[in-house]
Amino acid sequence: MHTTQPLVSLEGICKSFGPVKANNNISLNFYPGRIKALLGENGAGKSTLMSMLAGSLQPDAGTIRVLGTPVRFTSPRHAHNAGIGMVYQHFKLVDSMTVAENVMLGQEDGFLLHPAKMYASIATLARTYGIEIDPAARVEDLSMGERQRVEILKLLRRESSVLIFDEPTAVLTPKETEQLFYAFQRMAALEKSIVFISHKLQEVMEIADEIAILRRGEVVEEFDRESVPDKTTLASRMIGRSMNTEMHRPALAPGEEVVVVENLEVKGLQPLSFSLRKSEVLAIAGVAGNGQKELVEVLAGLCAPRQGNVRLLGKSWKEFFPTPPKVNGLAYIPEDRQGMATCPDLSLVDNLLLTSREIFTEGMLLQRSAGLAATLQIISQYDVRPGNPQASGRSLSGGNLQKLVIGRELLRQPAVIIAENPTQGLDIAATEDVWARLLEARQHAGILLVTGDVNEALQLADRIAVMYRGKFVDCFPVTDAVKVAQIGSMMAGVAYR
Amino acid sequence: MTFALFLKVLFSAIEQGTPLLYATLGAIITERSGVLNLGVEGMMIVAAFAGFFGLHLTGNPWLGLLAAGIAAAFMGSLHGVVCLVFQGNQVVSGLALTILGLGLADFLGAPYIGTVTKGFNPIALPWLSSLPVLGPVLFTHDVLVYISFLLAPAAWFVLTRTRWGLALCATGENPQAVAAAGLSPLAWRWVGIVVGGFLIGCGGGYLSLASSHEWTHSISAGRGWIAIALVIFSFWRPGRAVLGAYLFCGVSAFQLRLQSAGVLQIPTWLLDMFPYLLTLLVLLLSSARGKGRAAPKALGVNLEPGA
């Protein structure tokens, strides 16, 4: 398919974090003048793979070749020198300095800096690649899109030949996205190899020459864009449908309505209505960034509804949240385990008490010994490792931390559980464990499962609602085989009927 | 106020302001690299002793100055070991450095109190000192004053117009950006500490080599703290450091003249407060930060291990 030699190739790259195989035997080639998209759900291992290519992580096994020669990158600097550069989602810029100073940092023309000459040379560089920027502007005055251009210029100035972008359009306006893609094409025309990570099907179809799909740490498919007829096909290829095990899911008769949402409107959300019954799992499936976060923030009490009604356990939002019930109330399992669900520097006991302190108080006093006993019980019941209740939250792997969080949230026998991507980044064993716990919790709770992983939705849910651009495309029982087959195209926002 | 009085005040402002200027420039360089330095007072007094002792041993004031600079750079390196190697708290380490320095200098210097030396003496620069009006005010000082005239522009030039300055200042703003550019933020912080420390030492050395020619107790007399305030006053910019140092010492000298003239019926201790009140006022005003006035963003923030 290619006659030229790849600029960089990956052969059999493996990387594990503890028991989690983030990348498993990945081989990819990057050719000059080509734009390659790495497509996959969150946690599929895209970022890990690119971090190894950019030198900030080292593979456990496998070879990276630059122009056929095997290399080992032990720091980003090595990768730089080999002509590989990465634009991270979080820019690494000096805000108080000018564009030119940021680009020149570490790669100045000489010992002395002449502002006028610097501006001129950066302007020339930018023009070559069709990048619009004022070299004399301070970075703090720039939009996110312009800051990204500064990062690109840094790489171009270094004459990087492989440029990696981690979800480059996440922070851009549509106009800026257009300009970025124009720059992509200019760079490709000048024989650079562009790699970008994305989970947006539309933009992948628009700009990529080649597409590689990652799922659960493996490249499941790699093909040219021309070979894909449309977004729908791409969506079904991205989502896949291979699961080793089927969860045992005994049917439970749904109970009373625990959550009722009527015409809810907040920023980023179209009027939304649905209800959740006790003993029921409603999965909200969708590609991240389609309004799931906004919805969850309202239901978890972080953000007030602007319009419409939200009733939780029979009470309105305003009645419920100032004094949520201590037990049989609402439990929230956030996606961000290390930031929102736990405090990394507190012990496991303190992390347990963070949300469950109400049931461990007597008068004004906190019953730490009871908290410790409960922590120990969760540790043994859920097999949390390391099993030291005084260990800091930071010392636990994602899966173990998640087990602790779930154990903690279930302590209060909640009647409503909101779980956001509860198995993201977990290995298969931990994933199945979490799923089993959630299914068990149906005894006393209605569960709202927000997930980007269709398999997860199919494994757990009684009903699936697919979310796209702030509204439900459809909501159907999981037994509706016709609709289930169309989830991919619903997620991609393709008209499907 | 007569013009003659103004010139006299200006003359003292330059003379008294020079050690402050050295120390402030040094602290600016250290802090631009992102290392908060509250140890200036301790570094200055140890440097003052080292300068005195070096001169006492060798009889050569230049060797004394070198000893002063090295002593303060060494003190700074202790701060560096705590903050850069062991990721210690920069505030605590800086304060400890001051306490250590004050104790150390007084302990080591105790046997020499009252010892007289021959340090730097005023040299009237030929031709320049005979310029009308400002000639005698600017050009009848000792050689360290003349060096300090060149130092502030030099510091400005290095910080803003050279590769080194760019890397140093970027380290104080965003060490991750520096690492991403393939440079070592750790190395640049060490540069900031050692070079800045050397200059702070020159300021301390000035006290025992030029300001006075004898060793006394508590010779730094709080000037290190003033220097720290001046760093903030100057928004971490060398040019404004000149203004700050001379302004502070000018007000000091002015109130002393008022006291001695006995013109005003104001208690002397109120007048003594004057320069410090001014410092407070300036700090209050400058805390209304605008663009280009902010502290280096990563000031006081330790580097991530391995960065």
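Which residues does A:Ala391 touch, not counting residues up to four places away in sequence? The contacts are with A:Ser347, A:Leu348, A:Pro386 and A:Leu396, a contact being two C-beta atoms, placed from the backbone, within 7 Å. The model is predicted: local features need pLDDT of at least 70, side-chain atom pairs count only at pLDDT 80 or more, and totals for chains, interfaces and linings use all residues. Residues are numbered from 1 along each chain as its sequence is written, while chains are lettered from A and ligands numbered from 1 in the order in which they are written.

A:Ala391 sits in the loop between helix H13 (368-382) and helix H14 (398-411) of chain A. Helices (H or I, at least four residues) and strands (E, at least two) are DSSP runs, numbered from the N terminus. A:Ala391 counts as partly exposed because it has 17 C-beta neighbours inside 10 Å. The cut-offs are 20 or more other C-beta atoms within 10 Å for buried, 12 or fewer for exposed, and partly exposed in between. The C-alpha atom of A:Ala391 is 38 Å from that of A:Ile213, 178 residues away along the chain.

Chain A holds 18 helices and 22 strands. Of its 497 residues, 46% are buried. Its C-alpha atoms fill a box of roughly 70 × 55 × 45 Å along the principal axes. Among contacts with a separation of 6 or more, 69% join residues 24 or more positions apart.

In chain B, helix H7 (residues 163-173) meets helix H9 (residues 185-211). H7(B) contributes B:Ala167, B:Leu168 and B:Thr171 to the contact. From H9(B) come B:Pro185, B:Trp188, B:Arg189, B:Val191 and B:Gly192.

Note on methods
Axes fitted to C-alpha atoms, helices over the stretch in contact; angles between N-to-C directions.
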